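Here is my note on the model, written as numbered points that can be read with the structure open beside them. Please follow each point on the structure before going on to the next.

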Amino acid sequence: MAESPAKALRRILDSPGVHLGPACFDALSAKLVERAGFDYCFTSGFSISAARLGLPDVGLISFGEMMDQGRQIIQAVSIPIIADGDNGYGNAMNVKRTIREAIRAGYAGIFLEDQVSPKACGHTRGRKVVPRDEAVMRIKAAIDARKESGFDIVIIARTDSRQAISFDESLWRSQAFADVGADVLLIDALASREEMKAFCEIAPSVPKMANLLEGGGKTPILNPTELKEVGFKIAAYPLSLMGVSIRAMQNALTGLKSGQIPSHGSIPTFEEIKEIVGFNSYYEEEKRYATNTDQVSSQNVVKNKSFNLRFFEDHNFHVLF
């Protein structure tokens, strides 16, 4: 029997070292993450909102849209995918439904935050969090929903209280999340290596996640060796793929506007693109279902094309096929 996504993710969490995970935003970016050799992948609400709606991650994208995008991503790859569950889309009862739907979609894990609605994107201004007891109840509801489902989805409890209230408050909430059964802890927007280390020292048996916002986030970008030394188990890079995609498209469009196509080496060949999206795999699988009718049809196409060519040549027609 194939290993379940949640079991595969738990195996990664139990293995030595720190494990890096880029954030994808659609099926193609997820396929590229897998082809690059990563063991797992995150989804990014920031990037999905940008790619699917062309809108900022400020609570405008819906629960249904996020789940639909997630299903497309999960179906495209074999590595475990971790969902961006935002704030669970409401109260504890909404959180339970979010967990059930994430399980049905095939997610290996999901992280849930303690922000109010509408939420704000991490590392941006205007973040507010719900009271302590409500934040803890959200995580308890997620754990209960998991137990009731009979599946073992990994629950990552995130607090945004470091920026909204204080560092001490974020430590208190993280410990409380661990006490009710969270599998992984995340404090967003930690502001120094010292804060990162202090975070990793609480609830020592619970793995810690680092959210390393590229290009100007509040958290120091430590290298993998440093992350391991501090005490992190997994690290997310939420904007790398979206960021380089935006810049590459901007550069290509600037060139195309003046009639210049992207230079050799800055764009894959057509054959490479076909391989990445799966044409070659499709053709190989298609052969398994070939019939005599398919072969006869192919032969007829060749015969008809040969006849048409002779006809036009005999009548001195100059036609480009």
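1. Phe279 has a relative accessible area of 37% in this predicted model, and since buried means under 20% and exposed means over 50%, Phe279 counts as partly exposed. Tyr283, at 38% relative accessibility, is likewise partly exposed. Both residues belong to helix α13, which runs over residues 279-287, and they sit four residues apart, which is about one turn of the helix.

2. The rings of Phe279 and Tyr283 form a pair, with centres 6.1 Å apart and planes at 50 degrees, so the pair is described as tilted. The structure holds six aromatic pairs.

3. A second pair is made by Tyr40 and Phe42, whose ring centres are 5.4 Å apart and whose planes meet at 75 degrees, so this pair is edge-to-face. Are these two residues buried or exposed? Tyr40 is buried, with a relative accessible area of 0%, and Phe42 is buried as well, at 2%. Ring pairs also bring in Phe111, so that Tyr40, Phe42 and Phe111 are linked into a cluster.

4. Helix α3 (residues 45-53) packs with helix α4 (residues 63-76) at an angle of about 95 degrees, and their axes are 11 Å apart. Because angles of 65 to 115 degrees count as roughly perpendicular, α3 is roughly perpendicular to α4. On the α3 side the contact is made by Gly45, Ile48, Arg52 and Leu53, while α4 contributes Glu65, Met66, Asp68 and Gln69. Sorted by class, this contact has three nonpolar, two polar and three charged residues.

5. Leu32 is part of helix α2, which covers residues 27-35, and its relative accessibility of 40% makes Leu32 partly exposed. How far apart are Leu32 and Val277 in sequence and in space? They are 245 residues apart in sequence and 9.3 Å apart in space, counted from C-alpha to C-alpha.

6. A cis peptide bond, with omega at about -5 degrees, joins Ser117 and Pro118, and Pro118 is found in the loop between β4 (109-112) and α6 (132-149). Tyr89 is not a glycine, yet its phi is positive, near 65 degrees; this residue is in the loop between β3 (81-84) and α5 (92-105) and is partly exposed, at 22% relative accessibility. Ala203 also has a positive phi, of about 40 degrees, although it is not a glycine. Ala203 is found in the loop between α9 (193-201) and β7 (209-211), and with a relative accessible area of 10% it is buried.

7. For the chain taken as a whole, the secondary structure comes to 14 helices and eight strands, and buried residues make up 43% of the 321 residues. Among the contacts between residues at least 6 apart in sequence, 71% join residues at least 24 apart. The chain exposes about 17,400 Å², of which carbon and sulfur atoms supply 56%.

Definitions and conventions: Residues numbered from 1 in each chain as written. Predicted model: local features only at pLDDT ≥ 70, side-chain atom pairs only at ≥ 80, totals over all residues. Heavy atoms only, no water. Axes fitted to C-alpha atoms, helices over the stretch in contact; angles between N-to-C directions. Helix = DSSP H or I, 4+ residues; strand = E, 2+ residues; numbered from the N terminus. Parallel < 35°, antiparallel > 145°, perpendicular 65-115°, else oblique. Contact = heavy atoms within 4.5 Å. Nonpolar A, V, L, I, M, F, W, Y, C, P; charged D, E, K, R; others polar. Buried < 20%, exposed > 50% of the residue type's maximum accessible area, 1.4 Å probe, protein only. Areas by Shrake-Rupley, 256 points an atom, 1.4 Å probe, with all protein chains shown as cover. Phe/Tyr/Trp six-rings, centres within 6.5 Å; stacked < 30°, edge-to-face > 60°.
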